[in-house]
Amino acid sequence: MEYGDFECPFCGRMHGVLQELMERDPNVRLVFRHFPLRNMHPRAVAAALVAESAADEGRFWEMHDILYANQRFLTDEDLGHYAAELGVEPWQDVPRHSRRLARDERSGRDGGVRGTPTLFFNGIRYQGALDAASISRAVEEARKSP
C-alpha cells in the first residue's frame, strides 16, 4: 500500500519504482491511499479529487499514471484536460470524494504516516530506502512473513 500525493516529487519517483516492480512480478498488487501534503503541495487535493472522479468511471489507474507523468502541470485546466482525455467528468461528487480523501488521510495518520511516499507491505510500515532493489527485497521479505 502506498500513501501518496500526486504533486510530491518523491512519489513521482516511487511511481516508476512501483511500476517496474509490478511489471516484473504480476503477483504484486498496489493499493493507493491519498495523503496530500496540503501545506507543501497546493494542487495535490485537486488532483486527488480528479483521480477519484476517474475511479467512479473505472479509470483510476489510468488517471493515476497521467497525474504522475504530469506532476508539474496540475492546474484546474490541466486536470480538466486529463479528465477529458479519459472521458471523465473531473469534478463530479466533490463532497463524497473529499470524504474519501479525509478517510485516507485519517487512516494514514493513525498508521504513522507523516510524509509521502509511505509504503506498507502486508500491513507493516516500510522504513527502508526507496530504491528499486530495496523495495524488491522488502516485498520478498513480506512474502515470507505469515
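**Labels and their cut-offs**

Mentor: The lining of the largest pocket is made up of twelve nonpolar, two polar and three charged residues. Here Ala, Val, Leu, Ile, Met, Phe, Trp, Tyr, Cys and Pro are nonpolar, Asp, Glu, Lys and Arg are charged, and the others, Gly among them, are polar. The model is predicted: local features need pLDDT of at least 70 and side-chain atom pairs pLDDT 80 or more, while totals for chains, interfaces and linings use all residues. Residues are numbered from 1 along each chain as its sequence is written, and side-chain values use heavy atoms, with hydrogens and water left out.

Trainee: What makes a space a pocket, and what volume does the largest pocket have?

Mentor: On a 1 Å grid over the protein atoms alone, a pocket is an open set of points with protein on both sides within 12 Å along at least five of seven lines, and lining residues have an atom within 4 Å of a point. The largest pocket has a volume of about 280 Å³, taken as the space filled by probe spheres set on grid points joined across faces, edges and corners. It has 17 lining residues, and Met1, Val28, Arg29, Phe121 and Val139 are the closest to its centre. Helix 1 (9–24), strand 3 (118–121) and helix 6 (132–144) each give at least two residues to this lining; these are DSSP runs numbered from the N terminus, helices being H or I of at least four residues and strands E of at least two.

Trainee: Why is the contact between Arg143 and Asp25 called a salt bridge?

Mentor: A salt bridge needs a side-chain nitrogen of Lys or Arg within 4 Å of a carboxyl oxygen of Asp or Glu. For Arg143 and Asp25 the N to O distance is 2.4 Å, so the pair meets the definition. The two residues are 118 apart, Arg143 in helix 6 and Asp25 in the loop between helix 1 and strand 2 (32–34). Asp25, Glu140 and Arg143 are linked in a network of salt bridges.

Trainee: Are Arg100 and Asp104 buried or partly exposed?

Mentor: Buried means under 20% relative accessible area, exposed over 50%, and partly exposed in between, with a 1.4 Å probe and protein chains only. Arg100 has 22%, so it counts as partly exposed, whereas Asp104 has 4% and is therefore buried. Their side chains form a salt bridge at 3.1 Å, N to O. Being four residues apart in helix 5 (residues 94–110), Arg100 and Asp104 are separated by about one helical turn.

Trainee: How many disulfides are there, and why is that the count for Cys8 and Cys11?

Mentor: The search of the whole structure finds zero disulfides. A disulfide requires two cysteine sulfur atoms within 2.5 Å. The closest cysteine sulfur to that of Cys8 is in Cys11, 3.6 Å away, so the two are too far apart for a bond. Cys8, at 2% relative accessibility, is buried, and Cys11, at 0%, is buried as well.

Trainee: What makes strand 1 and strand 3 a pair?

Mentor: Two strands pair if DSSP finds at least two bridges between them. Strand 1 (residues 2–4) and strand 3 have two, in the antiparallel sense, so they pair. Tyr3 stands opposite Thr118 in strand 3.

Trainee: Which way do the side chains of strand 3 point?

Mentor: Thr118 and Phe120 point one way, Leu119 and Phe121 the other, and all are buried. In a regular strand the side chains alternate between the two faces of the sheet.

How values were computed:
1 Å grid on protein atoms, 1.4 Å probe; cavity = no way out; pocket = protein on both sides within 12 Å on 5 of 7 lines; lining within 4 Å.
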